[in-house]
Structures are given as C-alpha cells and as structure tokens.
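Here is a short briefing to read alongside the model. Take a look at the structure first, and then let's walk through a few of its local features together.

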Amino acid sequence: MSMSKNILGDIKDDVVHGAKAPIRAAREVVETVRALRNGDVSYREVGLTAGATLGAVLLLVVLLFPLYYMINVALAAGTGAASLYQEGFFASPSEYNLGAFEWLVQDSGFFFDPYPGAAPTVGWWEGFMSSYLANSIQLVVPTVAFSMILIIPAAYAFSRREFQGRKPLLYGYVLLTQVGGGISIAALIAIYVVFNQLGLLNSYLAVAMLYAAGAIPFNTWLLKTFMDNIPESYEEAAIMDGASRWRVVWEIILPLAKPGLAVVFIFVFLAGWNEFILAQILLSADKHPLSVGLFSLIDEFSTPWGQFSAFALIYALPVATIYFFSQRYVESGLSFGGMEG
Amino acid sequence: MSFSSENADRSWVAQRLPSKEDQAGLLVLPGLLAYGIFMLYPIMYLVFLSFTNAGGAEDLIRGTYNFIALENYSRLIQDGQFWTSMGVTWLFVFVSVVLKILFSVSLALVFTHDRVRGKRYMRALAIIPLGLPPVFTITVWRQMFSPARFGIANEVYISIAGVLGRNPGPIGWFFDRWLAFMSYVVTELWLAYAFMLIIIVSALQDVSDELHDAAKVDGAGYLQRFIHVTLPAIKRPVWFASILTGATSFQQFLVPFIFNNGGPSRSNEFILLYGYREAFQSPPRMGIGAAIMVIALIFIGIFMWINVRKGQLAEGLSEQ
C-alpha cells in the first residue's frame, strides 16, 4: 500500500537527516573556529554556547542514566558490578559477555518455553507457542485489529457526518480521554467478576476486546481531530466529479489521515503490549504475556539482575524503536491534547 | 458538516426520529457498544457490588451475598487504613505534581534554549522514557532502589555522604515509610517528565519571538522575561498538563504494587492498590473493595470534569 510506503519514507528521511547531524555539527565547529580567527564572533559568545550545550548534554546523560545502566548490566551479566557485589556503576568493557542473552533465548521462556506443560522435550514450535512472546502476539494482534475496526468508522462519522446525539457522545468521549488506565484498574474487580460469570477468563480475544474498548474514547477523538484538519474542499471537488461518498472516504479521507492512523495504530499497539494488571488477573499463568513475565522475574530472587535486564530490554526494544521513529506523529498526536482548545 | 439539506420541512416528530442522515450514527455504534459492555457495564456492576457484602467471586456466582446498602461505606469511614490511603494518595498527587511541573518546565527551558546546539536531537532522546513500557520502567527503578550496599541509590547516597565527610551504611529504601514514598515520587517523576516535556516544549515554541525581543530592548533580564513573557504564554498548557498528570498520579497503582506492595505495613497503599488488596486478598472482600474503587472513580470523574471544563476542550466542541 502506498500509505505505509509514505510513512516509511518519512521515517527514512528522519533517519537520514539524523545520521547527517554529526556532519552538520562538524561543519558548524569549523565555521565557528574560522569566525573566531577572523574576529567575527567573540570568545565569550562561543564559550556561552559551548557551555550551555555541554550542560544540556550532561542533563540528558543524567536523565537517561537508568537506560544505559540497564544495557550495561545486561551485557555484563555475572560480573561483580552487575550483581551489585562491587563498587562502581559500570562493569569494565572487558567483562562484557552475552551470557544473559543466551539465557534469554534458551531458558527464560521469552522466545521458547523449554518445558511447556512440564513435558520433557518438545519441538521448537511447541516451545515457541507456549512462550511469553507468543502469548503477547496473540494478545496484541486482536487488540490492534478490534481497535482499528471500531475506531476508524466512528472517527469518520464524528468528523464528517451529522447524526442524532453526536454532540453529547463526543462530549462523553472527550471526558473519558482525560483519564485512561485508572478506570480499568478501578473497575478491575467488576471486570473480573463479569468475565468469570460469562466464562471469558483465559480468553485472549476477550482481553483484547477489553483493551480495545478502553482505547476507544481517546483514539477516536484523536483520529477525529486529524480528520477535521483535512480540508472539505477536497471532498467537495471529488463529489462534483461524481465520486460516491464511500469512494471519497477511501480515496481522500483515509490516505490524508494516515499520520493520524499511524498514531492510533501505535497507541493501541502499546495498549496491548504494555498492559499488565488486567492480563495478570484475567489470564492464567500459561497465557501470561511478556509484561507479566517480566514482573514475575523480579519476585524470583534466583534471577540475577543481568538476566533480568536482558529480558526487560528485549521486551521494551520493539516498543521503544517504533516509538522513537514515529516521534513526529506521536508528538503531533499529543500536542492536540495540550493545545487545541 | 453534511452534504444534504433535506430536513428543511419535516414535522416535529419526524425531526426527532432517526432519519436517513442519522445512519452515520451506525458507524459510531459498534465502538460505543464495545465501550459500554466492557467498561461502563463493569463500572455499574462495581457500584452494585459496593452495596453488597460479597466476599470472593464464588459468592457472586452462587448468589451467596446480601444487599447491605451503605454499610461498606460507613465501615470505610471508620477504617483507619482508608484515611491513611486517602491521605498518602493526595500527598503523592501534590508532591509529585509540583515537582513534575518544576522539573519539566526547567527541562523544557534547557532543551529549547537558543544557546543549546542540537536541542532537537536532545529532545528526541529525552522523551524516550515515554515510549518504554511502564512495567519495564518501574521494575528497573525498583532495582535501582535495591537495599544492597552497591545498589544504585545506595551508591549515590553513600558517595554524597562521603563527600560530606560521613560514612553511613546502606539504606533499605522500601523499609522506611517516607523513604519508600520518596522513591515512588522519584520514579513517578521519571515516568511523567517526557509527556510534560512534549506539551511544554510545543507551548514554548508558540511564544512569540517579538515579545521576547521587545522585552530585551526594554532591558528585561532572563528571569523577568520568563515571568512576564514566557510564563503567561505557557500557563494554560502547563495547567492542563498538570491536571492530566495529577489524575495519573492519583491513579498510580503499579509503582507501589511493584516496589513493595504499598509498604512498609500498608502505610503507602495508594487508593487503587488499597481497593485491589481488599478485593483480592485472602479472604477476598469484594464488596469493600468495590466501595473503595467507587470512591476513587468519583475523584477520577472530578479530575476529568475539571480538565474538560477548565482546559476548554468543550469549547472546541461547541464551535463545530
């Protein structure tokens, strides 16, 4: 589809632009040195700028300290620093090893469960199917599918059509966008009882539907605001040319709303991938996703921190990657929440 | 907007019945039904539960419970643990929101400052925490506050103490009430600053340069310009973000749950965790748990209402 190609193209532009940043920075340094020699700028000016930049970099280093500390610990599994037996934050690079990642692949249950259902030996496929990763995928895919199916038509209707009860409904959705997660935790007791009564416990589809339902108000509202920004003149022109309403939706609104669709996609993906409490209560242990798997690691005192870090990093990696490269979409999605009064 | 105008001369009744135009409402219906069934129905059920003396889920399935009206609520009011939870939750909201605002505004000022080169890339890196799963972040911070001598928090604490000429032993961060509380606040700060940063940065970028330049010409210093030019311009978005993040703090569940289950000895049990523990402990007390959650939901509702009202989101609605 051309839609996904465009988004990938934008991301590629961002990456290329970002990769060239050092070149631009080097050029700026050269220019500055030349200007200094010629006396075009004062040393004070340059010193202030360099100082401010250095300060900001230091601040950034402190902010992201937990992250690279984790990476270091994962790479230095089994060493004194990683096990908190030794002074100092970082293990020496000579001690780096991939032990934790080997454990992650073979024994952690992340990719493969070596003993599914306590069976002695199994093929890799059965091993994979009972892993945390497989459980997460089985939870996330229907979450995304249900959400998109429910959100896109509603957002379109709110943005472009008039119908009875549109305004009060929209007002209700706006109210509900203001707080998300807490409602489902507060309702957890009742959700558990209702799922229990309806026999929906341990069903991926039911939990996915629950996630999708929770994601509806915020994401519908978000996508609607994106669609509102598509000029109506495009549609009018297409209708003049004899296009049907559905064709207008398919060929004008949806393609032009693709940044909005991308943001919604990311948010509902995150909702499925990150959620922890509902999954822990509503699914049995053999169906727990990665988020619950990670939590169960910290209660086992036998799991060394290096292995815990490896598990945590690989769990967070896909999400952080997607998020990082789609920042411009996510930011435009979030700034709606702040600005547009 | 709509493309047709056929409702010009319809009778009063016909205007109030669903018409052909209202077919578009069918597009909204599936999502509404899903939300109703999976969210609103459980919430109504929760309210019902709060008026019963139900124990575990088995009680509800077998029907072995009684309607006891407001007894759960009156028992809660007399329960010291309820007031402890309420108090510590609100304290957490106030302390963390104030720190979040100060911290995020300072960060935003640094990462938008004229003299800082490459600030766009720094911002892109600075908001990475927003993209990390909360379970990840919170478990990592739990490990940072490890009571081990060479745990990160202890290493920092002991080296600072060393500079001051003292030589203390390691601290068990989660075994002291206020140290545990402080560790929650630090973690909450790290969880929330990225979101606040995005909102405040985009507000700062809207502050007009001319105003700043005019103030500079008038001889205003950095602090004066901040108070008289920047602050008024970012006040509304910051206020908006504060209410949102205050609501998030009020609903904080995972941090105390993962750190030390709201300990030591239930002193840091935030309101949602309190309700959760009552409902799922053994023996379970779903009725009381539901009453706690209903009270929490009322406060969450107040947050929602304030934000929509004061954030003037609803105004944008009536324009259309």
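A:N202 is partly exposed, with a relative accessible area of 30%; here buried means under 20% relative accessible area, exposed over 50%, and partly exposed in between (1.4 Å probe, protein chains only). This is a predicted model, in which local features need pLDDT of at least 70, side-chain atom pairs count only at pLDDT 80 or more, and totals for chains, interfaces and linings use all residues. Residues are numbered from 1 along each chain as its sequence is written, chains are lettered from A and ligands numbered from 1 in the order in which they are written, and side-chain values use heavy atoms, with hydrogens and water left out.

**Backbone: positive phi**

- A:N202 is not a glycine, yet it has a positive phi of about 70 degrees.
- The loop between α10 (188-198) and α11 of chain A is where A:N202 is found; helices (H or I, at least four residues) and strands (E, at least two) are DSSP runs, numbered from the N terminus.
- B:R266, also not a glycine, has a positive phi of about 65 degrees.
- B:R266 sits in the loop between α12 (254-260) and α13 (271-280) of chain B, and its 23% relative accessibility makes it partly exposed.

**Salt bridges**

- Over all chains, a search of the whole structure finds eleven salt bridges, each defined as a side-chain nitrogen of Lys or Arg within 4 Å of a carboxyl oxygen of Asp or Glu.
- In chain A, A:K224 pairs with A:D228, with the closest N and O atoms 2.4 Å apart.
- Both A:K224 and A:D228 lie in helix α11 (residues 204-228) of chain A, four residues apart, about one turn of the helix.
- A:K224 is buried at a relative accessible area of 0%, whereas A:D228 is partly exposed at 30%.
- In chain B, the closest N and O atoms of the salt bridge between B:R75 and B:E71 are 4.0 Å apart.
- B:R75 and B:E71 are separated by about one helical turn because they are four residues apart in helix α4 (residues 71-77) of chain B.
- B:R75 is partly exposed at 39% relative accessibility, and B:E71 is partly exposed at 41%.
- B:K100 and B:E188 also meet in a salt bridge through their side chains (2.9 Å, N to O).
- B:K100 lies in helix α5 (residues 80-110) of chain B and B:E188 in helix α9 (residues 177-205) of chain B, so the pair ties together parts that are 88 residues apart in sequence.
- B:K100 and B:E188 are both buried.

**A nonpolar patch on chain A**

- A:V57, A:V61, A:Y68 and A:I71 make a nonpolar surface patch of about 290 Å².
- Patches are made of residues with over 30% relative accessible area and no salt bridge, joining like charges within 9 Å and nonpolar side chains (Val, Leu, Ile, Met, Phe, Trp, Tyr) within 5 Å; accessible areas come from the Shrake-Rupley method with a 1.4 Å probe, and for residues only the protein chains shown count as cover.
- At least two residues of the nonpolar patch come from each of α3 (43-63) and α4 (65-75) of chain A.
- A:I71 lies in helix α4 of chain A and is partly exposed at 40% relative accessibility.

**Confidence**

- The model scores ipTM 0.80 and pTM 0.83.
- Chain B has a mean pLDDT of 82, with 90% of its residues at 70 or more; pLDDT is the predictor's confidence in each residue, from 0 to 100.
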